[in-house]
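Reader: I'm new to this one. Could you walk me through it in a few questions and answers?

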Amino acid sequence: AILAVAQQQGLWVVEDNAQAQGAAFDGQLTGSFGALNATSFYPGKNLGALGDAGAVTTNDAELAQRVRVLRNYGSQQKYYNEVVGYNSRLDELQAAVLRVKLPHLAEWTRQRQQVAAWYDEQLAGIPALRLPTTAAKATHVYHLYVVHLAQRDALQQYLTSQGIGTMIHYPVPPHRQQAYAGLHLAPGSFPIAEELARTCLSLPLWPGMTEEHVQTVAAAIRRFLAS
């Protein structure tokens with residue numbers, strides 16, 4: 001629907017593929033739908049470099065050249081700035097690391113999916129806990145395994161006391177950030193986003209995580225909810 005509207009209005013779709021390398025919808029890989037597609041290679045991502053890194057992909061030669069200029073101070077020729085640009089070049093060391101890791105991405109994704117399946121099994125049937133779901137025709141690569149619970153903060157504190165680390169992705173929705181205070185969006189302006197921010201909790205998940213690890217996390221969650 002978004003692509004159709006963009007085409008009708010003569011707009012470009014810029015796709016955010018930062019957490020979805022290898023995911024697909026209806027047989028098409030994410031990161032290939034938009035006119036431009038941004039991805040992140042931050043070390044914690046499914047395909048991560050050793051430091052900050054990222055890329056923009058496109059099938060449009062003109063857009064590709066425009067991005068190359070923008071990433072390099074707005075220059076095609078050294079010291080001659082055609083437009084206001086940035087210093088956003090991917091350095092060779094990060095590129096070399098990514099080339100070594102890329103062939104392993106499919107197997108790491110399979111392992112993430114297996115861990116998620118274990119979580120689904122171990123945490124099934126808990127009314128207070130909402131588990132991740134996968135849309136029809138979609139494949140999930142589980143950059144994160146995010147559950148939702150009204151007592152999120154208390155559960156996180158309990159898991160920490162049990163030696164189990166978790167994260168909140170993300171605690172403040174964009175419209176409630178101080179940076180956007182000038183928009184004057186009061187609490188309740190986007191109730192779904194606010195509810196998700198209040199209840200989300202990312203459980204441990206990494207390639208190579210064992211079923212025993214998952215059982216330990218799930219058992220701790222069940223103990224908390226039974227107390």
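Reader: Which residue just after helix 5 takes a positive phi?

Author: Keep in mind that this is a predicted model. Helix 5 covers residues 152-161, so look just past that stretch, using DSSP runs for the helix limits. The phi there is about 80°, and the residue is G163.

Reader: Where do the buried residues of helix 5 sit around its axis?

Author: The buried ones are R152, L155, Q156 and L159. Q157 and S161 are exposed, on the face turned away from them.

Reader: At what angle do helix 4 and helix 7 pack?

Author: Helix 4 spans residues 105-122, and its axis is 10 Å from that of helix 7. On the helix 4 side, the contact is made by V115, W118, Y119 and Q122. The crossing is right-handed, and the angle is about 35°.

Reader: Which element gives the largest share of the largest nonpolar core?

Author: That core has 27 residues, and Y119, L159 and L203 are among those with the most contacts inside it. L203, for one, touches Y119, L159 and I221, among others. Helix 4, strand 9, helix 5, strand 10 and helix 7 each supply at least two residues. The largest share, 6 residues, comes from helix 7.

Definitions and conventions
Residues are numbered from 1 along each chain as its sequence is written. This is a predicted model: local features need pLDDT of at least 70, side-chain atom pairs count only at pLDDT 80 or more; totals for chains, interfaces and linings use all residues. Side-chain values use heavy atoms; hydrogens and water are left out. Buried means under 20% relative accessible area, exposed over 50%, partly exposed in between (1.4 Å probe, protein chains only). Helices (H or I, at least four residues) and strands (E, at least two) are DSSP runs, numbered from the N terminus. Axes are lines fitted to C-alpha atoms, for helices over the stretch in contact, and angles run from 0 to 180 degrees between N-to-C directions. A crossing is left-handed if the near helix is turned anticlockwise from the far one by less than a right angle, and right-handed if clockwise. Contact means heavy atoms within 4.5 Å. A nonpolar core is a set of buried Ala, Val, Leu, Ile, Met, Phe, Trp, Tyr and Cys residues joined through side-chain atoms within 4.5 Å. Lists of a residue's contacts leave out its neighbours within four places in sequence.
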